[in-house]
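Take a look at the structure below. We will walk through it step by step, from pairs of helices to single residues.

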Amino acid sequence: MPANFGLFRAFLRTLSRNRLAAIGALIVLTFALLALAAPALTRWHLLRAPDQQDKQGLNEEGLPRPAAGAYWLGTDNLGRDVLARVIYGARVSLSVGIAAMLTATMIGVAVGLVAGFYGGKLDLLLMRFTEMNMTIPAILLAIAFAGLLEVGGRTVHLHPARLPWHFLDLTLKRGAVSIFLIIGLVSWPGLVRVVRAQVLALKEREFVQAARSLGASDARILLRTILPNLLPTIIILGVMSTANTILLEAGLGYLGIGVPPPAPTWGAMISEGQPYFISFPHLVVVPGLAIVLTVLAFNLLGQGLQEMVDPRQRK
Amino acid sequence: MNLLLRNAPVVFGVLSKRGVDNEPLSLPSPRKAGRGWPQAGRGGRVKILWKHCCGLLLAAVVLGSFSSRAADSAAADSTPKRGGTLRLALPTDVTSLDPALAFDTISQPFLLLMFQGLVEYDDGTKLVPCLAQDWTVSADQRSYTFHLRTGARFSNGREVVAADFVYTLEHVLDLKTAATSEAWFEGIDGAKEFRAGKAAHVRGLKAPRDDTLIIELERPDPSFLYILTVPGGLVVPREEVERYGKSFTMHPVGSGPYVLKEWRRSAKMRFERNPLYSHPERQCLDGVEVLVGGDPTTHLMMFERGELDIADVTEHPGIPVPDFVRIQQEPRWQGLMERIPAAVIWYLSLNTEMKPFDNLKVRQAVAYAIDKQKLVQLLHGMVTPANGVLPPSVPGFNTNLTGFPHDPAKARQLLAEAGYADGFTFRLWYEAGNLLLTPPAYSIQFDLAQVGINAQLNPLAMAPLVDSQERRHTVECCLTGWSQDYPDPSDFLDGCLNGNRITEEGCQNYAFYNNPQVNQLLDEAATCQDPPRRLGLYQSAEKIVVHDAPWVPLIFPYVYALHQPWLHDVRLHPVVYFRFERMWLDPRRERK
């Protein structure tokens, strides 16, 4: 039985045993620290502001500077420092990615718990709804949702026009919050099946039966008895799905419907640099590598965690 | 003409023409804006062509691998050769090949392959006979008598007669046709009654003999001959138009040098020589093949592999901005790039009816805040900074205008005086994916942020963008452009900045600028018969406009044509830009 205590110690032990997971953790940690420290680095003049369009950032012909000298990773077509943009881009990618993962996890776990625990018609209904959602590719659904957003904000009245219930007004505005909500809303179905399967197995176990015979309510059984036992699974799935939410965020940014400019996002950096790819590959390669590294890191970390929880996977 | 074209063929609908009256507009379709009476300006036009020879000689000396090709080309005599197919590419289909329905800068060169009008442009902006052999104008400037050239035939074999012109113009004016350039011809006597259904024919159109056409106008209009060059003035045969109806666009029949042989929508267009064309010496090319699909960057790659003869014919700007410097520096393309100043202005339109741009100081602050030199740098010198409304190649261009210099401190001061010391937030609308406009949009956003103004970029696809811009109280600020329809200042000032022409929808005055003083100057200029005084009036109006800053003039672009060494006589035209029917291929040239 997976233990709830000592999880962190077990995690450290896994990292020391599994080198790949350690590398993953290191990369995630580096990006996270850089992202957190970015504004401070700018204040101490160690890093340029990501939106700063430097005159010196372009050569006489108005072309970007390659990676050398004052600009470690070169500049983009507007004379902005690519290094600064990639680091500030990590802020957007990581925060949106993690917030989206948390949203998706909350929805997915709630649906999975209820479906697995109650079974019957409710289970049937919830699972068919989940499967319906799975048939639509997440990126397409996200594009459809993002299409509803407007730059200046669009207000949708969810109440009859003659009633002044303005608390039901919904403002659809492009920004980091709406983007993570959208990504969260399209990424949950994958979790439901795993959670439901575990709940189905857990609810037949002796300790659940014991809690029930002691007269515990459904809510108590779900939240205090079953949920803690699901925690390791949820954490692993969460880490793994962060890789996907970051990819999705980059995808939306690439398509021009992510967090609006001038906020630096890795996806937007790639799409903006793409026309310059032949002459200035660094505009695409640098944010591309950042995406690859982060996604890889989260996957490695997730796999490491899985081994920690499931001893059968250990070599 | 509306200038939001990147690669999508745009209906500009802007090609409208109205009488001198200043009464409120009752416009036939939402995309029409009124025009005053422009007087044809034929004056000084800057024409810069990059001559082939020096570049090619240099290449011959310097480059081993290319020397034979270059020397060959230098040695090749300039007499046009017959044969070969011109290969081009377009990002999307042209809107239509029916002259009554097509009007965007992308379909125009293709229409000119197949159709002819009474008059055409020479190499500059002078009008020369085409299907009309000569013409006389009556003393009151109201009646034009055209003597048609005999022997001109449609590609179906029938001779072109005067009655065809009467039919063509009535067809364009007919409400049922829903033509895009109809409003241009409303100045013809009786056109309004005809459009209102009160007359079966247009009174002012007469064909007394097969070779004589008389067009009578309601009021004198010195620019009428120019109007005859717009697509609606290209002659079509009645029997074919009636036979095919709406699908005439797929079966176009005209009297031009080429005919449409194949048009697979969104895939390919193929034009071939018209055997009945009266000037076989002008049909050097066997045909023209147009690949449809892809983007300008892809087309440039195909061009560099030798699969296309001209890199980009969408003319805005002719070479993708990101590749411009590379192409310019590549020895292989030396002397093969031509450019001409486009009669186009890109500007920031500030809606004078919407907050906070209804405040003069705010508009001036925005003008002070923007660094135009940076835009020129970002676009690698493919453009020049704009200080006024009229581009350098348009008559009336004023070199003395200085506009607003880049002065953020002054901008901040003006904002404070206007009560916006803490800045404000607004949406900046522009066309999504436009490689020429995106860097300026980002640059303007940054410049404005420096004075505390938060510009939220709002890139939109072309169709919804144009739709919004033309509606009143909708778009507070847009990055947009205007391209001339014919070489005259009225096309810019009267069409886009005359407050008397503001409409609720389909309005070309995107800034909804309404200054009675300017309106009066423009209306006076529209009827002024004295050319120098008229240009003076336009310049005075322009000066007030620049001061009032409903527009922040940004840049005047060039149009570029990058072509293969085996393609000759590419010469960009100041109005039509590309005239494929005048180009020829060197058959000895080795083509992949």
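Two residues are in contact here if their C-beta atoms, placed from the backbone, lie within 7 Å. Keep that cut-off in mind. Keep in mind too that this is a predicted model.

Begin with two helices of chain A. Helix α3 covers residues 82–118 of chain A, and helix α7 covers residues 189–202 of chain A. They pack at an angle of about 40 degrees, with their axes 7 Å apart. The crossing of α3(A) past α7(A) is right-handed. Which residues of α7(A) meet α3(A)? They are L191(A), V192(A), V195(A), R196(A), V199(A) and L200(A). From α3(A) come A104(A), T105(A), G108(A), V109(A), V111(A), G112(A), L113(A), A115(A), G116(A) and F117(A). By class, this contact of α3(A) with α7(A) has 11 nonpolar, four polar and one charged residue.

Now step back to chain A as a whole. Its secondary structure comes to 11 helices and two strands. Read from the N terminus, the elements run α-α-α-α-α-β-β-α-α-α-α-α-α. The C-alpha atoms of chain A fill a box of roughly 80 × 65 × 35 Å, taken along the principal axes. Chain A has 315 residues, and 40% of them count as buried. Look also at how far apart in sequence the contacts reach. Among contacts in chain A with a separation of 6 or more, 70% join residues 24 or more positions apart.

Chain A also touches chain B. How many residues does each chain give to the contact? Chain B gives 21 residues and chain A gives 17 residues. The largest share, five residues, comes from α13(B). The side of chain B that touches chain A divides into 12 nonpolar, seven polar and two charged residues.

Next, find a sheet in chain B. Strands of a sheet pair through backbone hydrogen bonds, either parallel or antiparallel. One open sheet of chain B has four strands in the order β1-β10-β9-β8, with mixed pairing. Why does one side of β1(B) and of β8(B) lack a neighbour in the sheet? β1 (85–90) and β8 (258–264) of chain B stand at the edges, each with a single partner strand, so one side of each is left without a neighbour. Neighbouring strands of this sheet are turned by 15 degrees against each other on average, direction ignored. Follow β1(B) to its partner. Six bridges join β1(B) to β10 (residues 287–292) of chain B, and the two run parallel. In this pair, L90(B) stands opposite V292(B).

Compare that with a hairpin in chain B. Strands β6 (residues 205–209) and β7 (residues 212–216) of chain B run antiparallel, joined by three bridges. Two residues lie between β6(B) and β7(B) in this hairpin. K206(B) stands opposite I214(B) in β7(B).

Then look inside. In soluble globular proteins, nonpolar side chains tend to be buried together. The largest nonpolar core has 176 residues, and those with the most contacts inside it are L428(B), V552(B) and L562(B). Strand β17 (residues 551–562) of chain B gives the most to this core, with 10 residues. Take V552(B). Leaving out residues up to four places away in sequence, V552(B) touches Y347(B), L348(B), L350(B), V366(B), A367(B) and I370(B). Another core lies apart from the largest one. That core has 68 residues, including V86(A), W266(A), V286(A) and I291(A).

Last come some backbone details. Most residues other than glycine have a negative phi, and most peptide bonds are trans. The bond joining P261(A) and P262(A) is cis, with omega about 10 degrees. P262(A) lies in the loop between α9 (218–254) and α10 (266–273) of chain A. In chain B, the peptide bond from K355(B) to P356(B) is cis, with omega near -5 degrees. Q141(B) has a positive phi, near 65 degrees, and sits in the loop between β4 (132–137) and β5 (143–148) of chain B. Is Q141(B) buried or partly exposed? Q141(B) counts as partly exposed because it has 14 C-beta neighbours inside 10 Å.

Definitions and conventions
Residues are numbered from 1 along each chain as its sequence is written. Chains are lettered from A and ligands numbered from 1 in the order in which they are written. Two strands pair if DSSP finds at least two bridges between them. Axes are lines fitted to C-alpha atoms, for helices over the stretch in contact, and angles run from 0 to 180 degrees between N-to-C directions. A crossing is left-handed if the near helix is turned anticlockwise from the far one by less than a right angle, and right-handed if clockwise. Ala, Val, Leu, Ile, Met, Phe, Trp, Tyr, Cys and Pro count as nonpolar, Asp, Glu, Lys and Arg as charged, and the others, Gly among them, as polar. A nonpolar core is a set of buried Ala, Val, Leu, Ile, Met, Phe, Trp, Tyr and Cys residues joined through C-beta atoms within 7 Å. A residue is buried if 20 or more other C-beta atoms lie within 10 Å of its own, exposed if 12 or fewer, and partly exposed in between; C-beta atoms are placed from the backbone.
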